[in-house]
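Visitor: I have a few quick questions about this one. Can you walk me through it?
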Amino acid sequence: MAQKTAKKTAKKVVKPAAKKAVKTSKLVYAFGGGRADGNGKMKELLGGKGANLAEMAGQLKLPVPPGFTITTEVCTYYWNNKKSYPKTLKADVEANLKKVEKITKKEFGSEKNPLLVSVRSGARASMPGMMETILNIGLTEKTIPGMIAKTGYERFVYDA
Amino acid sequence: MMYSDVVMEKAAGIEPKDGEGIRKILDGKLADLKKKLGVTDDTAITAEELKKLCVEFKKTVKKVLGKEFPDDPSEQLWGAIGAVFASWNGKRAIAYRNIENIPHDWGTAVNVQTMVFGNMGENSATGVAFTRNPGNGDSHFYGEYLINAQGEDVVAGIRTPSPMNKWSSNAHSAHLPTLDKTMPKAYKELDAIQKRLEKHFRDMLDIEFTIENGVLWMLQCRVGKRNGTAAVQMALDMLKERLINKETAVLRVTPAQLGELLLPAIDPKAEANAKPIAKGLPAGPGGACGVIVFNSDDAIKLQEAGKNAILIREETNPEDIEGMRAAAGILTQRGGMTSHAALVARGWGKCCIVGCSELELDNVKKTVKMGGKTYKQGDSITLNGTRGWVYDGALKMLEAGEGNKNLAAFLKLADSIRTMKVRANADTAEDAANARKFGAEGIGLFRIEHMFYGKNSEAPLFILRKMILAGSEEERKAAVAELFPFMKKSIKATIKAMAPYSVTIRLMDPPLHEFVPTLPAKQQELAKALKISMATFQERAAGLHEVNPMMGHRGIRLGVTYPEITEMQSRAIFEAAAELIKEGVKAVPEVMIPLTCDVNEIVKQKAIIRRVYEEVVAKTKVKKLNYSVGTMIEIPRAAVLAYEVAGEADFFSFGTNDLTQMTFGFSRDDIGSFLPEYLKQGILEADPFQTLDQRGVGMLIQHAVTEGREQKPNLKVGICGEHGGDPESVEFCHREGFSYVSCSAFRVPIARLAAAQAAAKEVLAKKK
């Protein structure tokens, strides 16, 4: 009896950090426009930030700028596969970008009404400032005039 | 600017020299332009000038990085996604995970989100807020914002943010306009949202928001970091508000946060007489006193030398993380309550003052001017992180914790949940009294030999030495008899100080040669008292020498070879108890036998103890003198044979220091030469002397408890090694059904919380 329980504990602790197999599950989760694919409980997959954005957008229907979360499993894949992505990721990102365009009525790369996005990290635990954040993706020479026309505020566009 | 730095430089693995990164270069160009135009604020630059600057930037990027700035949005997007994934294994991210014990295989997600702009003019703003004050726990919406700015600006600490409302205002921001006044509609909406969020998540949240042309957008919410004072306040408040149950409330304060409330603080008397030389924002609590350093490397060097460093920076950035960790306190010139330094310090409970704008910092000369005086590296200053005040020199520090009503209330709550008792290791009446202040419910380890160390040990130590170096049994017995009154007095005082709680008295443990004097003068004095020549003295001392003393003639082995020593100790214990009972003090001594390896050792010692007990009862005529005899379990053989051992022992107390030492075969005093390598190579996950090795040593403990209780179902089980105050180990003890843990007095509150959290987790798991 004693040995049995002892073994059980040992097993639980010995277990090495499991190497996640590449699952063919959903790679991208959309949020915004009053709905979300994920929710606040999915921190392992969506990271703390992504899960809470989904919770705010989907469950609480708060005003969250629409977007999507690429899962932590893609990060694992990236590092296990010489910094490459699962094959379907490109199509998934494009499809989700379309969804965002539809909600915002803006277009990524459009000259007249360009959509700009931010790209941020989000791990399961908060790591403030430890990883990268890139803002204003989609701002190019072509889209700059569109942004100025849209905002009517030239200074602001160049400020970015 | 950001894209070239993060995606084109860092993610491409380019590591420029300090001050030569693309961002620094571009920043320099921006600064030059501002100088040329005679403006100080970014917002004062005209669109036309900015446009020119953009062209200039692009040219520079190409020149420095040898690559065009990508003008294709899709290329930009994938570049950015790759940069984020790559940054998971960046140097500073790895360093942070090592410090915070975050597994390296978790990975990060990437969030791609529509940009909203807080820098679209005077009708736009951005901010960071907390549903309650993270610095003191007040139940008011708390935060900072900047008009016409992007989120980065608030956290970066470049512009001083304005307070959200009156509750967020401090001495530095009192003159700035609050959000509820400048944008009442958006504020009202935000306030309603933060209330909903807190109800929904049932915890204090950290919120990031942006107002774009008057429209409010929520950019992020997460459970907010808070310091220990705030954590305790919020746990108590939210319980009162019925937002959470008592188990959750107890789990809301980590042992480290509780530790902050027990942190050193400046002695209020010393502080009252000192004048602050500078004032900043109180970002991290407690007091810190140390010498000034100006960079992280120096802070680390000082810590390695065992000294306290106060790290002074213009502002901190993630590269400073290890130096911030090493410093006793952090002082920055710029940044608000949500700046990097403040966030990190708050998370660690480290004393920190930010936004101390009156500092005149010279990083090249390594000097700082405060209050009209110039300080250089190595000068002492003292910080009060709770107030945000800086003092000249080293002020007197205090151990805090006493007189804190919230702390007392919270620990009372913890006590109502925990099922395991918490005792202290204490060797004197003073220790015992101190341990009771921290809430100890008894002494789990009273080391009888302690009276031969430290204060007032001269007289008994001299007699002990006579005993050790005695030439005959007669001589030894005479010395033992001389020693008796000292021992009785010490035991009596300690039991009295801890009454009515129990005291576990461990019989003599250390190897005797430890007490042989090494100073020639002391040796001569002792030889004279023993009436022997120095040559004889040296001969006898040499006879006590052991090759491997920790596994030599010590513990119960002393009692086996010198039964008169056990006899004298037993008599001291029982006479002390009998006298206390006569005085009306409750005294039920628990006699503990150290270093047992076989049940027969206990049988022999118990016979002596029993005989002395009967003699004492006959002599003192005290009727209700009760006692128990138990054993330490610190030799693996005793743990393996626990079923037999429990037949003769009333209690087990796991001495996890020795048990770890002997299970691993690691000499605790010699691990320095190899353990660091074991940790580096990942052979062992943690130092087993710091964190109980649950797999190996833990399995022995589990076996011993199960077997021991099979023999004797009501067997009392405790732990008295260093691990008794380690939260993880305490949780292990709870799971294994221990009766109590015993640790040093100042760890008692931590152990009380850890025991309560272990019980609370069990209750919550059942509810699910």
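This is a predicted model: local features need pLDDT of at least 70, side-chain atom pairs count only at pLDDT 80 or more; totals for chains, interfaces and linings use all residues.

Visitor: Okay. Which domains is chain B divided into?
Guide: Domain 1 covers 2-100, domain 2 covers 125-226 and domain 3 covers 263-399. Domain 4 is written as 418-511 + 546-767.

Visitor: What separates the centres of domain 2 and domain 4 of chain B?
Guide: The distance is 54 Å, taken over C-alpha atoms.

Visitor: Sheets next. What's the strand order in the open sheet of five strands?
Guide: In chain B the order is S4-S3-S2-S5-S6, and the pairing is antiparallel.

Visitor: Which strands stand at the edges there, and why is one side of each without a neighbour?
Guide: The edges are S4 (162-163) and S6 (215-223) of chain B. Each has a single partner strand, so one side is left without a neighbour in the sheet.

Visitor: How many bridges pair S3(B) with S4(B)?
Guide: Two, in the antiparallel sense; S3 of chain B spans residues 142-147. Glu144(B) stands opposite Pro163(B) in S4(B).

Visitor: And which helix packs on that sheet?
Guide: Helix H8 of chain B, residues 184-201. H8 touches S2 (125-130), S5 (205-212) and S6 of chain B. The direction of H8 makes about 150° with that of S5(B).

Visitor: What about the sheet of eight strands? What order?
Guide: S8-S18-S17-S10-S11-S12-S13-S9, in chain B. That sheet is open too, with mixed pairing. Its edge strands are S8 (278-279) and S9 (281-284) of chain B, and each pairs on one side only.

Visitor: How is S9(B) joined to S13?
Guide: Three bridges join S9(B) to S13 of chain B, residues 351-354, and the two run antiparallel. Pro282(B) has Ile353(B) in S13(B) as its bridge partner.

Visitor: Which helix packs on this sheet?
Guide: H13 of chain B, residues 296-304. H13 touches S10 (287-293) and S11 (309-313) of chain B. The direction of H13 makes about 180° with that of S11(B).

Visitor: Changing topic: Phe654(B). Where is it found?
Guide: Phe654(B) is in strand S25 of chain B, residues 651-654.

Visitor: Buried or exposed?
Guide: Phe654(B) is buried, because 30 other C-beta atoms lie within 10 Å. The cut-off for buried is 20 or more.

Visitor: What does Phe654(B) touch, leaving out residues up to four places away in sequence?
Guide: Ile633(B), Leu659(B), Ile701(B), Ile719(B) and Gly721(B).

Visitor: And what separates Phe654(B) from Glu208(B)?
Guide: Their C-alpha atoms are separated by 49 Å. Along the chain, the two are 446 residues apart.

Technical notes: Residues are numbered from 1 along each chain as its sequence is written. Chains are lettered from A and ligands numbered from 1 in the order in which they are written. Domain bounds come from an automatic or database domain assignment. Helices (H or I, at least four residues) and strands (E, at least two) are DSSP runs, numbered from the N terminus. A residue is buried if 20 or more other C-beta atoms lie within 10 Å of its own, exposed if 12 or fewer, and partly exposed in between; C-beta atoms are placed from the backbone. Two residues are in contact if their C-beta atoms, placed from the backbone, lie within 7 Å. Two strands pair if DSSP finds at least two bridges between them. Axes are lines fitted to C-alpha atoms, for helices over the stretch in contact, and angles run from 0 to 180 degrees between N-to-C directions.
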